[in-house]
Every structure is written in C-alpha cells, then in structure tokens.
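Hi everyone, thanks for coming. Let's take a look at this one together.

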Amino acid sequence: MSGKCAATGKSVGRLLPVLLLVALCLPVRVLEVAVEGSPPAGRMWLRSDVSVVVGYVHSVERTWVEETYVAGRDGLHLTMMRWQSFSAGLPDEYDSCVDGFYVKGLDVHMGRTIDYWFLPLNQAEVSVGGVPVFRGPEQPSRLVVRLRRLPVVVRVVDWLGAQFATRSG
C-alpha cells in the first residue's frame, strides 16, 4: 500500500509543474496605455469594467478636453466628452454646461484600440479607474490605449517588477 502512495506522490510531483505552466499561459484581459515604441506606461488586469479618461489641451483652441471611455469585455466605449470651447474638431452640440465645461453624453463603441497623436503642448493625461497612468508626452508621440489578452505570466512579471521597484526606490 505504501508503494502505491509513493508512486501517486511522484505522479503529482511531476504533474504540478505542468499544471503551473499551463496556468501561467492562460490569457487574461489587460488594458495597456503606451507611447508607441516604448514599454507600456500602464498595464492593468481587467476583472470588470473600468473608466479610462484621456485629457489634453486642444492643439488649436488651447483649452482642456476630456474624453471618458469605459473599457469592458466588448471593447472601449466613448461615454462622455467635456470641453471648454467650440471650434476645430470639437462638438457643436452639448447636453449641459458644468463648471465651465460643455458636457455631452455619448455611447460610441470604439473597438479595442484608441490612438492619439500628441505633442508636448497637449499636456496629455490618462487615468484608469481614477489613477493617473500617463502624463506627457516629452516629444511628439502616438499614444495608444488598447484592450488585449496576455498570458498570466506577463501580469506576474509586471507585478514582480513593481514590487522590486517599490523596495529599491
């Protein structure tokens, strides 16, 4: 009887690394915010819908604009826009005016990726779930907000890197 138990223990011991490897390769949904050609400024594991706010100084009007998205299972949805003046590329209709901003509620499915071209004068800011993840850019850059699936191991490596950076900084 003890021989069978020992054999079973060896089988489980061999199977455990395989199961761990399979688990680390399972895909999870993540939201990435990155400047093209650079590592992501932020990569968040999405367990539920989350708000993404992209704010910037409009290149022509030189006034603040905010676009609010909801990142969910089926992609990014533009849900609200706030702006301070009317002109090039800004809406001419609004639902309300609050604290000096024109506000328009929207429901526009944007797909899985949104792209922006920003200059330093745009002073862009991106926050996810109310937490700032990007400010810039330092040079003219394409900013990408993307929903994608990545293996769990990528998220684990991100987390370990953040832990290391916190302890050494």
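Predicted model: local features only at pLDDT ≥ 70, side-chain atom pairs only at ≥ 80, totals over all residues.

Residues are numbered from 1 along each chain as its sequence is written, and side-chain values use heavy atoms, with hydrogens and water left out.

So, which residues have the most contacts inside the largest nonpolar core? They are Leu31 and Val52, in a core of 28 residues. By core I mean buried Ala, Val, Leu, Ile, Met, Phe, Trp, Tyr and Cys residues joined through side-chain atoms within 4.5 Å, with buried being under 20% relative accessible area (1.4 Å probe, protein chains only). Strands supplying at least two residues each include β1 (27-35), β3 (50-57) and β11 (141-151); strands are DSSP E runs of at least two residues, and helices are H or I runs of at least four, numbered from the N terminus.

Now the pairing, which takes at least two DSSP bridges between two strands. β5 and β7 (residues 101-111) run antiparallel, joined by seven bridges, and Arg82 has Val103 in β7 as its bridge partner. β6 (residues 96-98) also runs antiparallel to β7, through three bridges, with Val98 opposite Phe101. Two residues lie between the strands of that hairpin, where Asp99 takes a positive phi near 50°.

Finally, please find Val22 in helix α1 (residues 2-25). Together with Leu15, Val18, Leu19 and Leu26, Val22 makes a nonpolar surface patch of about 440 Å². Patch residues have over 30% relative accessible area and no salt bridge (a Lys or Arg side-chain nitrogen within 4 Å of an Asp or Glu carboxyl oxygen), with like charges joined within 9 Å and nonpolar side chains (Val, Leu, Ile, Met, Phe, Trp, Tyr) within 5 Å.

Methods:
Areas by Shrake-Rupley, 256 points an atom, 1.4 Å probe, with all protein chains shown as cover. Buried < 20%, exposed > 50% of the residue type's maximum accessible area, 1.4 Å probe, protein only.
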